[in-house]
Amino acid sequence: MGVLLPVGTKKGLFLLRSDADRKKWELEGPLLPGWPVYHAIVDPRDGVLYAATNSFIYGGTVHRSRDLGRTWERAEEIGLPEESGLKLNATWHVEPGNGSELWLGGDPGVLFRSDDGGVTWEVNRGLLEHPTREQWQPGAGGMCCHSIQVVDGTMYIAISAAGAFRSEDGGDSWTPINKDVAADFHPEKYPEVGQCVHKLLAHPARPDRLWQQNHCGVYRSDDRGDNWERLDGNGLPSDFGFALALDAEDPDVAYVIPEVSGEQHFTPDGRLGVYRTADGGDSWQLASNGLPDRAWAAVLREGFAYDDAGLYFGTQSGSVWSAPRGGSEWIEAAGNLPPILSVEAAHV
Amino acid sequence: MAIVLLPGTLAAEAGGEKRFELHAATVGEALRQLPVANLLLDEAGQLRRLVNVFVDGIDVRGGRLLDEPLGEESEVRIVGAIAGG
């Protein structure tokens, strides 16, 4: 079976295709030219390609294609109710849920659900009306709901900078899960909410285990977010970064791509380094064979993906890198693309 | 019949159609009939901040915005804000 990478860029969507070897890649695009694509996925349930698209003129929406990008349809109105006093600033992340559910995260810290394949979207009231909302604040990328994980009957979301939340009633209510997660920029270092999560993932084979790359550290939880352990003092060159990937089978494996700091969004010492842990974050090793060692690159929060056989990330300087599972050797799957906003992996 | 002209990105979203002929008494009535209405108007029904509308060459932001009246032969031109990058 081949692999397809939907690559969202600032100037449209590209598709990268390879066979099972993942050695040679074919590039198609740009699709949706003129639309910055914050995130795109192929829904594994039905093969529909969804793109969270945002125009600085025409606003945020979701495009969908049933023929892998040949033809597109656009969602009906996606907006926030007038009484909320809020307006939708951007669409950020599309995530399949249980049954026919499709979830969409957006700015300002909002979540939508579709039950008709992305034609219409209904705002999630539990999050919109969350009692802590007044304590949330936008990060540099806006107040984006960028991480959505649906694991059995539990949902997790993360918002920058509101923190991580868990729902066990299908999204009707949301419990903050930010204990011991630092917010160094906040007057209170460990507030209930307000953390700047950059990416949160649940492990598919061990759903109680969560990982997050935060503005202030890398963390792991083994109890669905009730408690977090900070891991970036164990061999990472920096606590800061955006990108995070896991291993499809081994819950002790995780990958991050550190950046210098919140003020310097590029690689430490000019080394484009993927760091891998195989012991749950007790230690980290550099897995950068094939990557340039003089590269001041940046990888955004949606820019790192994995599947059962490989790892893939895209840089703001327009390169897509691919490695087999484990990260032993990287090759440039595509270069000279527009700034890359997102990478996902699908089997087709 | 008023004529509405769309720029390229919007025409692609309207099935490739750049030109629409509509019965509409105001700019708002005309825009709401378009298949790209939700790209021009936000969830409150207001004209998006960076969407410019010209009626017979006159910017409606200097007039009555969506309530700007249209004549039988008005030409409504949609122009996105100009920006680089």
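Helices (H or I, at least four residues) and strands (E, at least two) are DSSP runs, numbered from the N terminus. This is a predicted model, where local features need pLDDT of at least 70 and side-chain atom pairs count only at pLDDT 80 or more, while totals for chains, interfaces and linings use all residues. Residues count from 1 along each chain as its sequence is written, and chains are lettered from A and ligands numbered from 1 in the order in which they are written.

**Entry: β1 of chain A**

I started with β1(A), residues 3–9, and its partners. It runs antiparallel to β2(A), residues 12–18, with 7 bridges joining them. The two make a hairpin with 2 residues between them. I also found β28(A), residues 340–343, antiparallel to β1(A) and joined to it by 3 bridges. Gly8(A) turns up in both pairings: it stands opposite Leu13(A) in β2(A) and opposite Ser342(A) in β28(A). Then there is β29(A), residues 346–347, which pairs with β1(A) in the antiparallel sense over 2 bridges. There, Leu4(A) has Ala346(A) as its bridge partner.

In β1(A), 6 of the 7 residues are buried, so the strand is largely enclosed by the rest of the structure.

**Entry: chain B**

I listed 3 helices and 5 strands here, running β-α-β-α-α-β-β-β from the N terminus. The 5 strands form an open sheet in the order β2-β1-β5-β3-β4, with mixed pairing. Its edge strands are β2(B), 19–22, and β4(B), 58–59, each pairing on one side only. I checked β3(B), residues 51–55: it pairs with β4(B) in the antiparallel sense over 2 bridges, and Phe54(B) stands opposite Asp59(B). Buried residues make up 27% of the 85 residues in chain B, and its C-alpha trace spans about 35 × 30 × 25 Å along the principal axes.

**Entry: where the chains touch**

For contact I need the C-beta atoms of two residues, placed from the backbone, within 7 Å. Chain B gives 12 residues and chain A gives 13. On the chain B side, α1 (8–13) and α3 (37–40) are the elements that give two or more residues.

Terms used. Two strands pair if DSSP finds at least two bridges between them. A residue is buried if 20 or more other C-beta atoms lie within 10 Å of its own, exposed if 12 or fewer, and partly exposed in between; C-beta atoms are placed from the backbone.
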